[in-house]
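This report looks at charged side chains and how they pair. Start with the model below.

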Amino acid sequence: MKKLVSLIFALIVTAGVFAQTVDYWCVDGRIYFKINNDVNLNVSHDENGKINPKDVFFLQDLIEDYQITDLRMPFLTAESDILQRTFRMDFDKIHEVKQLVKEMNNLPEIEYAEKA
C-alpha cells in the first residue's frame, strides 16, 4: 500500500512539473502559422528546417516584442504545398500568446496562425 501511495504521489508531482502554464491544451511558447500561397518566402534553412527569424521580412517587428527564439519548417520532407508553407515558431513571452496569434493573423502574408 505504501508503494502505491508513493507511486500516485510521484505521478501527481511529475504531471505538475510538465504542465503547461498558459493553456493546458497547448505548448507554451509555440505557435504554428501558414503563409499565403502568393507569398514568396526565399529564406535559407538548415537540414532540420531551421530558419533564422531575422531573415523573414514580415517577422521583423515581432522578433523583439515576443522574443522569438526559433523558427522551423516542421514538415520539410512533406510532399504537400500546404505543409511546405506551414511553420513552427517558438518564443519566450509565453503569456502573450493570444496577442501574438492575433498580430500574426492580421499580417497580410499569413493565412492563419494558431497556438500549438
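D23 and K115 meet through their side chains in a salt bridge, 2.7 Å from N to O. A salt bridge here is a side-chain nitrogen of Lys or Arg within 4 Å of a carboxyl oxygen of Asp or Glu. The pair links distant parts of the chain, 92 residues apart: D23 lies in the loop between α1 (2-17) and β1 (30-35), K115 in strand β5 (residues 110-115). K115 is partly exposed, at 29% relative accessibility. Buried means under 20% relative accessible area, exposed over 50%, and partly exposed in between (1.4 Å probe, protein chains only).

The model is predicted: local features need pLDDT of at least 70, side-chain atom pairs count only at pLDDT 80 or more, and totals for chains, interfaces and linings use all residues. Residues are numbered from 1 along each chain as its sequence is written, and side-chain values use heavy atoms, leaving out hydrogens and water.

The whole structure holds seven salt bridges. Three of them are tabulated.

| Salt bridge | Closest N and O atoms |
|---|---|
| D70 and R72 | 2.8 Å |
| D90 and R88 | 3.9 Å |

Salt bridges link R30, K50, D70, R72, R88 and D90 in a network. D70 is buried at 8% relative accessible area, whereas R72 is partly exposed at 21%. D90 is buried at 13%, and R88 is buried at 16%. D90 sits in strand β4 (residues 86-91). Helices (H or I, at least four residues) and strands (E, at least two) are DSSP runs, numbered from the N terminus.
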